[in-house]
Amino acid sequence: MTQKVALNAPVLRKNDEFAAENRAWFAARRWTVINLMSGPGAGKTTLLEKTLPRLATRRCAVIEGDMQTDLDASRIRAVGIAAHQINVNSCHLDARMVGEAARTLIAVDPDLLFIENIGNLVCPAAYDLGEAWRVTVFSAAEGSDKPRKYPKMFLQSDAVVINKIDLAPYCDVSLEELLESVRAVSPRAAVFPLSSRTGEGLEAWVEWVAAREVR
Ligand SMILES: Nc1nc2c(ncn2[C@@H]2O[C@H](COP(=O)(O)OP(=O)(O)OP(=O)(O)O)[C@@H](O)[C@H]2O)c(=O)[nH]1
Ligand SMILES: [Mg+2]
């Protein structure tokens, strides 16, 4: 007889406890937290670089997650926004790391806190960080079949950004097919096709972000 044992269940249970603590801690301070997830290089940091300067009515800060380097935190600071870099030898951030990082931003007291998760289209989806909003950033260059092949992150997201639409014609990607694929796995999400490079489509996304509150 074969019995399946979920080895990661206790790890996820512990993470859920930290996430619940984070959620209460964020809510008490009225910090609205957005968790940005994507595969490596889909354009999370570029999207933040373009979005943050357009959020004049919000006080923003960013927690950056990467395996190595503080390159992304430096990019965020270069646009005048406070950033805390987490370096961790893991394919995802967890709630305990985020709780510790958030405490370094108490003096900033952001009313909008972004978490840029580690570039990975699979693992971050399993870890609640205590965020209020989840966003999947996907690049048009990754191919229109990928949302169906890696559905979990899309399924859980409140919004899906389809970045790099400027590259679609060069990658033989049909935006129509890609939108269909996203809607099939993510029917309740707000979908924003845009190019962080050219600025096309950015405004609708910025409006959505600017309207986010704690929930
Ligand atoms: N053509 C084009 N390139 C883009 C766009 N957005 C980002 N890029 C480029 O894509 C590359 C990766 O962008 P990043 O913003 O570093 O991606 P990321 O998701 O933060 O990457 P990781 O943090 O390493 O997972 C960079 O060379 C960007 O200049 C876009 O809309 N169009
Ligand atoms: Mg990045």
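Buried means under 20% relative accessible area, exposed over 50% and partly exposed in between, with a 1.4 Å probe and protein chains only. The model here is a predicted one, in which local features need pLDDT of at least 70, side-chain atom pairs count only at pLDDT 80 or more, and totals for chains, interfaces and linings use all residues. Residues are numbered from 1 along each chain as its sequence is written, chains are lettered from A and ligands numbered from 1 in the order in which they are written, and side-chain values use heavy atoms, with hydrogens and water left out. Helices (H or I, at least four residues) and strands (E, at least two) are DSSP runs, numbered from the N terminus.

**Helix α4 and its partner α1**

- Helix α1 (residues 9-29) packs with helix α4 (residues 95-103) at an angle of about 30°, and their axes are 8 Å apart. Here axes are lines fitted to C-alpha atoms, for helices over the stretch in contact, and angles run from 0 to 180 degrees between N-to-C directions.
- That makes α1 roughly parallel to α4; angles under 35 degrees count as roughly parallel, over 145 as roughly antiparallel, 65 to 115 as roughly perpendicular and the rest as oblique.
- On the α1 side the contact (heavy atoms within 4.5 Å) includes Phe18, Trp25 and Phe26, and on the α4 side Val98 and Ala102 are among the residues involved.
- Within α4, the buried residues are Ala95, Met97, Val98, Gly99, Ala101 and Ala102, and their cover includes α1, β2 (60-66), β3 (82-87) and β4.
- Asp94 caps the N-terminal end of α4, with a side-chain oxygen 3.1 Å from the backbone nitrogen of Arg96.

**Helices α2 and α8**

- The axes of α2 and α8 cross at roughly 80° and come within 11 Å.
- That makes α2 roughly perpendicular to α8.
- Leu47, Lys50 and Thr51 of α2 meet Leu202, Trp205 and Val206 of α8.

**Ser195 and its surroundings**

- Ser195 sits in the loop between β7 (190-193) and α8 (202-210), and at 0% relative accessibility Ser195 counts as buried.
- The side chains of Ser195 and Asp166 are joined by a polar contact of 2.8 Å. A polar contact is a pair of N or O atoms within 3.5 Å; within protein, one must be able to donate a hydrogen and the other to accept it, and residues adjacent in sequence count only if both atoms are side-chain atoms.
- The Ser195 side chain also reaches the backbone nitrogen of Thr198, at 3.0 Å.

**Cys123**

- Cys123 lies in the loop between β4 and β5 (133-139) and is partly exposed, at 26% relative accessibility.
- Leaving aside neighbours within four places in sequence, Cys123 is in contact with Cys91 and His92.
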